[in-house]
Amino acid sequence: MWLQVSLLCLSCFTLPSRSQAQDRASLHRSNDQGGRCHYTFTVASPEESSCSGSSINPEMDGVSSRLTLLEALVSRLIAGADGGTGTGVRASSGEDSLQEAYSQVTRERNQLQQDKERLNGQVQELQRRLAELSREAESLRQKPCQQTHTSGGTQRENRPASDRAYDFGNGAYQEMKAEVSEVPASRLIPEGNHSFTGCGELQSVGDPVLHRKADTITGKYGVWLQDPEPQGHYYTNKTVWRIDTVGKDVRQLFAYEDMHQLTQGFPMKVLVLPEPMESTGATMYRGSLYYQRKRSRTLIRFDVASENLASRRDLPHAGFHGQHPYSWGGYTDIDLAADEQSLWAIYSTSKAKGAIVISQLDPQSLVVKKSWETNIRKNTVANAFMVCGRLYTVASYTAPNTTINYMFDTATSVGQAVAVPFKNKYRYNSMIDYNHAQRKLYAWDNFHMVTYDVTLGRARTGSS
């Protein structure tokens, strides 16, 4: 660097010729009388050969100008040298940071490589164990345990002494064998009576199975069922009947060809009832719809084939329109039901003081044939139904897990508490009816039409 500066200085001190000095501009610096520095810029005039009164030699002006430029250049070179030193320091610092980062990345890469090798080792170990287990399983399949049954018990054959799989005293291996036999459903039902009807006590109720959900508010409560003993050929036991019971004038009876058509929502026919219906206590039996006339104790039999009112009769002393309903309300004072034995009415009277009364009805004339008074109040239970001449009551209409809590046997006139689990999946069960042909319960649970499978068993001691 200093060699370059010296050369520059030598070039600056080289004096140009007079003609060159006169053709070029020059810069002159001098002190005035006050001691201040003055700079004078001089350009040769093309007309005047000299400036009168000037005592400064043009060559000296040129030298002075070059010295001034040289000083400025030296100052810039010194400043550049200092700056280069600072840049070098920063570059050195950046290089150190980069080296440190590279070292850290290298360490992490080495750690990841070690982890990868460790995991590969674990995978190989698991593969080896899996292969061993597969070979062992294949060996067991090829050498199954052979057993022969004798009068003295089970005898073991072909048992290698070295094979631990045959060491039954060793807890490391045990073979358990269960024999399962299918039992016909008829064996769960009493067989002592030669006039066997397939009846028995209710043992269990399955989970609800959804078939359809009502589309409008009129379907919050309702009745839906199938006829267990249909009459004629137009309507069969596959025909599904439905009535939405929310409204001031309930008269429409929807008929669906089968359960599939119900789920699709397309009825094959809509029948109009001759009298408006009250509540959800209607039932289908032997080709007729039986229901309670609105705001009365009058029972009506509507023949679905002829679409005519076949018979009507008042139910003696029965409460109606909110006098003795179930606990959920809904004017459920009179509940009609059909089972394997007869047509029934479940209701209460002033004389019974709210206790449930069961009456057996003549299906044609609706005349009461016989009645029983129970010791359970109607407004303390959510609903009731008849199975094989026995009344069953449901404890709650909203509890998701409730029970069938009471049974009354009309054959013995004896009632007793029971505890059969029952589910209200949709939390508002307003109708329950039994179909003995399907052996199912039909229910209307908060817009939802559901069925429950039921299991019947032998009657307990003290019951029929």
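Biologist: Where does T349 lie?

Modeller: T349 lies in a loop, the one between strand 16 (343-347) and strand 17 (355-361); helices (H or I, at least four residues) and strands (E, at least two) are DSSP runs, numbered from the N terminus. This is a predicted model, in which local features need pLDDT of at least 70 and side-chain atom pairs count only at pLDDT 80 or more, while totals for chains, interfaces and linings use all residues. Residues are numbered from 1 along each chain as its sequence is written, and side-chain values use heavy atoms, with hydrogens and water left out.

Biologist: Is T349 buried or exposed?

Modeller: T349 counts as buried, because its relative accessibility is 10%, and buried means under 20% relative accessible area, with exposed over 50% and partly exposed in between (1.4 Å probe, protein chains only).

Biologist: And what does the side chain of T349 reach?

Modeller: The side chain of T349 reaches the backbone nitrogen of A352 at 3.0 Å. If neighbours within four places in sequence are left aside, T349 is in contact with P316, H317, A318, H324, G354 and V357, where contact means heavy atoms within 4.5 Å.

Biologist: How many bridges join strand 15 to strand 16?

Modeller: Strand 15 and strand 16 run antiparallel and are joined by 4 bridges, and in strand 16 the bridge partner of L336 is A345. Two strands pair if DSSP finds at least two bridges between them. In general, strands of a sheet pair through backbone hydrogen bonds, either parallel or antiparallel.

Biologist: Which other strands form an open sheet?

Modeller: Another open sheet has 4 antiparallel strands in the order 7-8-9-10. Here strand 7 (222-226) and strand 10 (269-277) are the edge strands, each with a single partner strand, so one side of each has no neighbour in the sheet. The twist in this sheet averages 20 degrees from one strand to the next. Strand 9 (residues 250-256) is joined to strand 10 by 5 bridges, and A255 stands opposite K269 in strand 10.

Biologist: Let's move on to strand 24. How many of its residues are buried?

Modeller: Strand 24 (residues 440-445) is mostly covered, with 5 of its 6 residues buried. Strand 23 (residues 429-435) runs antiparallel to strand 24, with 6 bridges joining them, and D433 has Y442 as its bridge partner in strand 24. These two strands form a hairpin with 4 residues between them, and R439 in the turn has a positive phi of about 50 degrees.

Biologist: What about strand 24 and strand 25, how many residues lie between them?

Modeller: That hairpin has 2 residues between its strands, and N446 in the turn has a positive phi of about 55 degrees. Strand 25 (residues 448-457) is antiparallel to strand 24 and joined to it by 6 bridges, among them a pairing in which W444 has M449 as its partner in strand 25.

Biologist: Switching to aromatics, how many aromatic pairs are there?

Modeller: The structure holds 10 aromatic pairs. Rings of Phe, Tyr and Trp (its six-membered ring) pair if their centres lie within 6.5 Å, and planes under 30 degrees apart count as stacked, over 60 as edge-to-face and the rest as tilted. Ring pairs link Y221, W328, Y397 and Y428 into a cluster.

Biologist: Which residue lies over the face of Y428?

Modeller: K220 does, at 4.8 Å from the ring centre of Y428, and the charged end of K378 sits over the ring of Y326, 3.7 Å from its centre. A charge sits over a ring if NZ of Lys or CZ of Arg is within 6 Å of the ring centre and within 35 degrees of the ring normal.

Biologist: Finally, how many helices and strands does the chain have?

Modeller: The protein chain has 4 helices and 25 strands, and buried residues make up 37% of its 464 residues.

Methods: A polar contact is a pair of N or O atoms within 3.5 Å; within protein, one must be able to donate a hydrogen and the other to accept it, and residues adjacent in sequence count only if both atoms are side-chain atoms. Axes are lines fitted to C-alpha atoms, for helices over the stretch in contact, and angles run from 0 to 180 degrees between N-to-C directions.
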